[in-house]
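Student: I am new to this structure and would like to get to know it piece by piece. Could you show it to me and take my questions as they come?

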Amino acid sequence: MGADPKTADVPAVAPFDHHAPDWAADWPGVTSRLRDQCPVARTDAHGGYWLVTGYDEAMAIAMGAEFMSGRVNGESSYFVPSMPLPLIPLESDPPVHTKLRRTLNPIFTERMADLWEPFIRQATDALVDPHIASGRIDLLTDLSRRVTATVNLALVGLVELAATAEQVDRFVTAPGIVAREKAGSPAYLEAIAATEEMDDVVRQLIRDRRRAPRDDVATVVAHIELEGDDETVEATRVRLIQNLVAGGNATTTSLIAHGLMWLSEHPAERAELIAEPGRLESAVEEFIRFYSPAHCVGRRAREDAEVAGATIPAGERVILCFAAANRDERAIERANEVLLDRGAQQRHLAFGYGRHRCIGRYFARTTARVVIGRLLERMPDYRVHVDEVVHYTDVASVNGIHSMPASFTPGRPTGAAMPSDCPPLPDKVKV
Ligand code: HEM
């Protein structure tokens, strides 16, 4: 870009803002222009931050020991601007981060996600049933958000909170609203209140599991031993459960919705997938890369750091736009096209890289594959009403959709009830 950023007194080099509506409306165009000019750029917005749109540069920072994720004087290194309540392990560094991931990684395996398939399928059927005879459904509010919330809440032992759409709206979507809405606005304050209310529910859950252990994730979290006074340790456990719910919800919802929308707009490819459901795994991975629901993630330089010829001074915040990195043609061939057979083992950054790589990635993949697969069986000719789709106007954290009406040839209900029995934990993590 015009100015040379290789100085400690860094000038504003570009007038971008990853929260702005014009960014949301055309982020592939905005980030492609930025990447061509300067894959590591700086803006004055929100007190100043760096933005990384190149694949190699984003990966280098995600792996780099000179960047951190934890808070500094209470201010987030992850969210620009800062959010009041931290998410952990997202906003933590070693040694606490290492301890948490070592404890949780053995639960969140591919094998464990496979065990959840019948649960996800039953939840999908139960949520589709009330709409199947009418031929109309909102694939976002009636289905993808509800099924994702049900799976994520069941995973942490709070499935009862997913009982109604109102509860899902109130609790599960609150952290996303805090991240998107202007601080102090009515929607923001209501979402903060909902998050605090949810904190109380989680605190009680953790106490219950300490008193009466069960075979579940909440019991494992309730028994993680950490340094610090009782209050700090309890707060960490609460933020951890909140991270598992918040991290998985808006992201997986967005993935399912974008995948379903793409298939609605590409009927020939959809017909091929229906004929060959074995290709769904690769298709879902391609939707994960192409839409990169976790649009941007944040870091802070611990020390002066050199990236792509720019010096990021110690203490400055950096936003890694994984969505843009995943469309970087320098790193991924035909990155701006959806190629359903690109393969399940592809090289993308949609789940991050390095120590914070998404813990829920196998659950996200399985949930999307099962929900999309089941929809293609039960309403194979669904058509999304594209003109009525309501997209987020702030995609800084998650590139999401608020509402996505669709119609289809009516079918018959299966009679499925919402599932309540969760698969057991692997033996090696039982408390
Ligand atoms: C399509 C769905 C999903 C996407 C795109 C996604 C994306 C990501 C990304 C990019 C990160 C790394 C953040 C960083 O580098 O700072 C991350 C971390 C995380 N994700 Fe996901 N995620 C998804 C689903 C889930 C699910 C289903 C869960 C829970 C079951 C989950 C829980 C978490 C947690 C707890 C972290 C923090 C990990 C750490 O800091 O060590 N995510 N996710």
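Student: How many bridges join β2 to β8, and do the two run parallel or antiparallel?
Tutor: Good place to begin, and keep in mind that this is a predicted model. In total, β2 and β8 are joined by 3 bridges, and the two strands run parallel.

Student: In which sense do β1 and β2 pair, and over how many bridges?
Tutor: Look at R42, whose bridge partner in β2 is W50. The hairpin of these two strands has 5 residues between them, and there H46 takes a positive phi near 50 degrees. The pairing of β1 with β2 is antiparallel, over 4 bridges.

Student: Which residues of β2 point one way and which the other?
Tutor: In a regular strand, side chains alternate between the two faces of the sheet. Along β2, every one of the four residues named here is buried. Y49 and L51 point one way, and the other way point W50 and V52.

Student: In what order do the 5 strands of the open sheet stand?
Tutor: The pairings let us walk across. β1 pairs with β2, β2 is joined to β8, β8 pairs with β5, and β5 pairs with β3. The pairing in this open sheet is mixed, and the order is β1-β2-β8-β5-β3.

Student: Why is one side of β1 and of β3 left without a neighbour in the sheet?
Tutor: Strands of a sheet pair through backbone hydrogen bonds, either parallel or antiparallel. β1 (40-43) and β3 stand at the edges, so one side of each has no neighbour, because each has a single partner strand.

Student: Over how many bridges does β5 pair with β8?
Tutor: On its β3 side, β5 has an antiparallel pairing over 2 bridges, with F67 opposite A301. Towards β8, V297 stands opposite L320. That pairing of β5 with β8 (residues 317-321) is also antiparallel, and its bridges number 5.

Student: Why is β5 largely enclosed by the rest of the structure?
Tutor: Take one side first: C296, G298 and R300 are buried. β5 is largely enclosed because the buried residues number 6 of the 6.

Student: Which strands does α3 touch as it packs on the sheet?
Tutor: Helix α3 (residues 55-63) has 7 of its 9 residues buried, so it is largely enclosed by the rest of the structure. Among those buried are Y55, E57 and M59. The direction of α3 makes about 130 degrees with that of β8, and the strands touched are β1, β2, β3, β5 and β8.

Student: At roughly what angle do the axes of α7 and α12 cross?
Tutor: The two helices meet through residues including S144 and T148 in α7 and G248 and T252 in α12. Their contact has 10 nonpolar, 7 polar and 1 charged residues. The crossing is right-handed, and the axes come within 9 Å and cross at roughly 145 degrees.

Student: Which element gives the largest share of the shell around the ligand?
Tutor: There are 28 residues around the ligand, and those that come nearest are G247, G248, G352, C358 and G360. Two or more residues come from each of α7, α12 and α16 (361-378). By class, the shell has 17 nonpolar, 10 polar and 1 charged residues. The largest share, 7 residues, belongs to α12.

Technical notes: Residues are numbered from 1 along each chain as its sequence is written. This is a predicted model: local features need pLDDT of at least 70, side-chain atom pairs count only at pLDDT 80 or more; totals for chains, interfaces and linings use all residues. Axes are lines fitted to C-alpha atoms, for helices over the stretch in contact, and angles run from 0 to 180 degrees between N-to-C directions. A crossing is left-handed if the near helix is turned anticlockwise from the far one by less than a right angle, and right-handed if clockwise. Two residues are in contact if their C-beta atoms, placed from the backbone, lie within 7 Å. Ala, Val, Leu, Ile, Met, Phe, Trp, Tyr, Cys and Pro count as nonpolar, Asp, Glu, Lys and Arg as charged, and the others, Gly among them, as polar. A residue is buried if 20 or more other C-beta atoms lie within 10 Å of its own, exposed if 12 or fewer, and partly exposed in between; C-beta atoms are placed from the backbone. Two strands pair if DSSP finds at least two bridges between them. A residue is near a molecule or strand if its C-beta atom, placed from the backbone, lies within 6 Å of it.
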